[in-house]
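Have a look at the structure first, then read on.

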Amino acid sequence: MSPTKIVSADSASPLEEVWVAIDVETTGLDPGQDKIIEVAAVKFQGNDTIDTFQSFVNPNTTLSPFIRRFTGISQAEVDHAPEFQVVGSDLVLFIGPAPLVGHNIRFDLNFLESHGLAFKNARADTLELAHILMPEIKEYGLKKLAEALKVSQPRPHRALDDAGATKDIFLQLLERAMDMDESTLKELNRLASFSSQWPASYVLRKLVQTKVGSRAKPSLDAPTVDLQELATIRRQETQDSPQASTQNYDLSLLRNRLKTERPLRANQKRKNIDSRLVEDLLQKNGPLSDQMEGFEQRNEQVEMALAVTKTLNENGRLIVEAGTGVGKSLAYLLPAALYAAKNNKRVVVSTNTINLQEQLMSKDIPTVVDALGDTEGFRKEEFKYTLLKGRSNYLCLKRWSLMQSASDLSEEEVKLVAKIFVWLSKTCNGDRSEITLGRRGPEAVWGRLSAQGASDCTGLNSACFLRTARGRALEAHLVVVNHALLMTDLVAGGTLIPEHDVLIIDEAHHLEEEATKQLGFQVSQTSVNEDLQTLGNLVNTIASVVGRSLAVETRKQTVQETGDKIVTLLPSVRERLGGFFGTVSTFLYEREEVDRTVRVSAAVRESARWPDFALHTENLTSILADLLNTISDLNIALQDLEHAEIHNYEGLLMELNSSVKTINTTKEHVLEFGNNPKEDGIYWLDRNQRSADISLHSAPLHVGSHLMTHLYERKECTILTSATVSANSTFNHIRERVGLDDADELLLGSPFDYPTSALLCVPTDIPEPTVWEYRHETQKAIIDAAVAASGRTMVLFTSYTSLNETARAIRGSLQSHDLDLLAQGTDGTPHQILGRFLENPRSVILGTSSFWEGVDIAGDSLLVLVVMRLPFSVPSDPIFEARSELYENPFTEYAVPQAVLRLRQGFGRLIRTKLDRGVVVILDKRIVARRYGRRFIDSLPPASRKKVLTNDIGATIGDWLNK
């Protein structure tokens, strides 16, 4: 025990105050149902630990196997512990009046309160502080944060160790905050004043007191001031001084980081790539092998690289399938980089997943650039590459400034604005992927801060992340984008991605899906109401700031009157919106299809109910047109007021124009859906089963013609590649779906030894999926498989309903074998589940679409892959149904090839490296009992195959893994 220094609490720095770090371990996450089983506290002052407190608590219940394993607390330890009434009284005496700190302290305090202890002490939260002060890290869980800060945590999920780690993390966060400049701390403190209950408020106020010292206003910072009164005073200060928030950030420093150079200029004379050079680069002792540890020459990779080289030299088109392990990224990047450098031309690479984008930018492209460093005609120091994303990924500084200077902010808004304020001192990109938004609240707030919809924005004092990203793309030889931006650029007529002659589309099996999404639309009742609410708030803000400005009185009056008209019109718009969607709801009820999507076909439009729907369409679009006209009047009234000292004048005009575009787009989509459908459009209605929100949807019937006309024909060279674009060894399906009929093709297998590394196992006696007994038999098969592999199992489902039903049925049995069950949705997001699985491979993942591809678990962590059903599309899906009608034999020509590709993607999750081994179990008898099943079997890699009985699955897996 260390001696306590005597420091006045009123003037103490947080580093000098006496704090108590607390932590509780519980039987679950619900304070109303679950019980505390351990509580601990660490009293400290600075780095000195003054005292500790720890006690088990008797919950008078049996601990689940998961909790015993998760915490390491045994049943005997809690059975012999005192009940909470005894522990709680000792805890109160230990803590006394000291401020509390915890990691997600609301969790701890809520449990303590549910057990009869309601602490009123000042508090701090390392989770909240880390979110702001460390915006760049990806995970804020206590264990991950301790690892990031190199804090000791010998026994995670034990109360005393967690409290000790919380103490050390807190001290490091305080040191980070104290290293910030005074203006940054003041701004964070100002933002904190909007929410006095926010667990970061107390610490930020004390930090400012420490930093500012005698210059702090005693009338504001004295501890006797009521927190609500304090928040009111500070908000009033902000209103009286509109520039108070923005003057705390020096934009000149940011502008220096955002400078770009001159755009790339193509050489007048075109140069071909030397295919011999490309082949040499990929040889065992070539330049690439010097850059990659464990590099192996792969004949398939060389063959693909030469095919890409030929296509680039001849301005051709190519479709390539390269199996797992070929190294297709390097196979196309090497010739692409050479071509771009030799000709000073831009090559665009489009991917579907963030994971592949990150791999290209952080690993593959730098490797290629280093390998080409000494190659003739390639100047490493001059070669540039960049990542370009859609508008929604970039922070709009003007929108952020507008929110930052608002007179009233929610806690979620405060946290995100503060987090961004800290992040702005570091970022060169303004890309949302650089910060962790976390829960749904911050995600929604980001939507109001991004550059999406801010098309008229000129930046904040010439600083703009989106413009900088596009400027860097203009400089670059290689530009990496995603399919969504590629399709958005197609719709925008090629104005978003810089001009380029060469397009390489990786993960090409997703191209049709993304084109379908981007070329269609969705309109929901909730989203339109939110847009109207945003407009109403904006109009009120405009009227308020103009009223306080130096504009002439007549102009102020015009703005006020026009704003009043808009606000008065909004209830009528909502009323007609309700009538419109009410008709949709009635239409769904009458069809007895309340909880499903309904395709609006030509036959549906000829039904007796449709004229009523068409009338409501006219009524809604008519009043939306009136609303747009009135907004236009307000826009006119706001012109030429640049010198009227209207705070964030340009930002307000930008937001108003954004609202106009949003509402006008809604009007056009509603009109198209109701009264002016396109001949090649697919339309359907959908009711969300959870929220009952109704939405209208549209998609193109066939995207291939759009892609050919607006994409391929505008490029000199187009290359499509993926690990899975062929079905039954042909490219017929992908050619037809994405419209690339005249391309050369190359089908490359995997270099992996599948017969030795993988076993494909199909139980022949399992009931078909439509039979009731199927559920029981598959649940037993999953348990047997998982037990045989000691966990290390992933099960792929085609529906959440089946997944959830299976999870409920097998969780207890798996726990009795000391195995964790990680069900998508119930036990976390895909990212969280994968993290937990890697930490404890004695687990079983139950996943749906997110796990069928893009999941890369190499080594012994994943040994068994179970496929529940052949992944056929739902026949009633409107897009699938409409497109099926284009075929003479839709099942054979459309449904089977689609399902084959999905099964191949799922199969690919198991073997990721040449050293991997494992078993794939397909619990769908149709693959061996139906004629079309042979097409599935023949499309899979050449693994060893075995037909078994359901009861023998466990033994078969054990034998294979123990070979």
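Two strands pair if DSSP finds at least two bridges between them. Helices (H or I, at least four residues) and strands (E, at least two) are DSSP runs, numbered from the N terminus. The model is predicted, so local features need pLDDT of at least 70 and side-chain atom pairs count only at pLDDT 80 or more, while totals for chains, interfaces and linings use all residues. Residues are numbered from 1 along each chain as its sequence is written, and side-chain values use heavy atoms, with hydrogens and water left out.

**The sheet**
- Four strands make up an open sheet with antiparallel pairing, in the order E11-E14-E13-E12.
- Strands E11 (521–524) and E12 (598–599) are at the edges with a single partner strand each, so one side of each has no neighbour in the sheet.
- E11 and E14 (residues 694–700) run antiparallel and are joined by four bridges; Phe 521 has Ser 698 in E14 as its bridge partner.
- Helix H28 (residues 649–674) packs on the sheet and touches E11, E13 (681–687) and E14. Its direction makes about 100° with that of E11 (axes are lines fitted to C-alpha atoms, for helices over the stretch in contact, and angles run from 0 to 180 degrees between N-to-C directions).

**His 103**
- His 103 sits in the loop between strand E4 (100–102) and helix H4 (105–114).
- With 14% relative accessibility, His 103 is buried (under 20% relative accessible area, with a 1.4 Å probe and protein chains only).
- Contacts (heavy atoms within 4.5 Å) of His 103 beyond four places in sequence include Asp 108, Tyr 140 and Thr 166.

How values were computed: Buried < 20%, exposed > 50% of the residue type's maximum accessible area, 1.4 Å probe, protein only.
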